[in-house]
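Reader: Hi! Could you walk me through this one?
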Amino acid sequence: AGGRGGSAGDFNRAVQARRPVGSLIKPFVYLAALSEPARFNLLTQLDDSWFSMKLEDGSQWRPANYDHRNHGFVTALEALSRSYNVSTVRLGLALGLDQVVQTLHQGGLQRPISPLPSLLLGAVDMSPREVTQLYQSLANGGFNIPLSTIREAVGVDGRGLARHELNMSEAFQPGVTFLVAHALGHATIEGTGRALPGLLGRSGTFPGKTGTTDDLKDSWFAGFGDRYLGVAWVGRDDNRSMGLTGATGAMRVWADIMRRFDLEPFGAVPPAEVQWLPAPAVPMDGGCRDLGYIPYIEVPPDELSGC
């Protein structure tokens with residue numbers, strides 16, 4: 001659904017409108033990191049303290065968190081599920097911007113992207129269709145199927161002339177996408193999307209990510225259950241502020257649509273390379289938090305002892 005009308009001449013925002021995606025980009029920063037399991041896992045400690053960097057034009061850039069707080073050292077799981085900006089930027093810079101761009105292209109984004117630091121916080125324009133293509137690789141266990149907005153072409157007699165062929169390829173390691181999906185499940189339980197189960201009217205794991213741009217001009221939500229993936233964008237054509245975050249705008253639209261599909265919780269079977277290990281208690285919310293069992297691809301190093 002790309003607009004209010006139904007005529008062929010309408011501007012279809014689902015495929016034609018490109019808007020800044022905000023925090024919807026973050027799972028792919030973590031996907032790039034977790035693709036190096038010898039270096040990163042969900043309990044890797046990331047620095048979420050403020051910093052500034054000098055840009056090529058000589059100006060200073062100082063990323064800040066939405067809550068304007070410094071959270072110190074946090075796990076990758078917490079940083080993604082609670083959508084912390086500063087720790088995500090630090091992680092992306094440690095990986096290298098080119099690696100993040102490459103990950104987006106692997107996920108199905110076909111346009112060139114400038115490797116600027118602001119990319120790590122979603123300062124890149126995409127259409128809802130392009131976002132759906134990226135998230136489809138997460139929902140599909142790392143496998144990418146190029147999306148088409150045309151199901152089939154038929155002649156005047158109603159017979160099919162051509163049909164969209166499904167071509168599947170592996171974009172990411174299934175184990176890595178499972179880890180990211182696990183973190184996005186946390187995001188809709190105790191992170192930025194924690195209101196989602198109440199909106200859906202059911203419990204379970206529904207991986208999802210909110211996205212909000214500066215001055216509340218764009219509200220995004222991308223999420224999936226066992227069989228269905230959806231992306232919602234809410235915004236104004238004149239680019240004025242709506243006063244809605246991803247959680248208070250697009251996520252509510254997404255939940256309203258998905259209720260009609262009787263959405264089942266995400267229940268992917270962990271790939272063979274994923275192990276479930278008891279996590280050490282980690283610093284969180286100003287205390288020491290027991291996270292239970294956490295999926296890993298490689299056994300974490302001994303120094304990851306938590307609190």
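This is a predicted model: local features need pLDDT of at least 70, side-chain atom pairs count only at pLDDT 80 or more; totals for chains, interfaces and linings use all residues.

Reader: Thanks! Is Ser83 buried or exposed?
Author: Ser83 is buried, with a relative accessible area of 10%; buried means under 20%, exposed over 50%, and partly exposed in between (1.4 Å probe, protein chains only).

Reader: And what does the side chain of Ser83 make a polar contact with?
Author: The partner is the side chain of Lys26, at 2.9 Å. A polar contact is a pair of N or O atoms within 3.5 Å; within protein, one must be able to donate a hydrogen and the other to accept it, and residues adjacent in sequence count only if both atoms are side-chain atoms.

Reader: Switching topic: how many salt bridges does the structure hold?
Author: There are 14 salt bridges, each a side-chain nitrogen of Lys or Arg within 4 Å of a carboxyl oxygen of Asp or Glu. In one of them, Asp218 meets Arg19 (2.7 Å, N to O). That pair links distant parts of the chain, 199 residues apart.

Reader: Are Asp218 and Arg19 buried or exposed?
Author: Both Asp218 and Arg19 are buried.

Reader: Nice. What about Arg39, which residue does it form a salt bridge with?
Author: With Glu36, the closest N and O atoms being 2.8 Å apart. Arg39 is partly exposed at 46% relative accessible area, and Glu36 is partly exposed at 22%.

Definitions and conventions
Residues are numbered from 1 along each chain as its sequence is written. Side-chain values use heavy atoms; hydrogens and water are left out. Helices (H or I, at least four residues) and strands (E, at least two) are DSSP runs, numbered from the N terminus.
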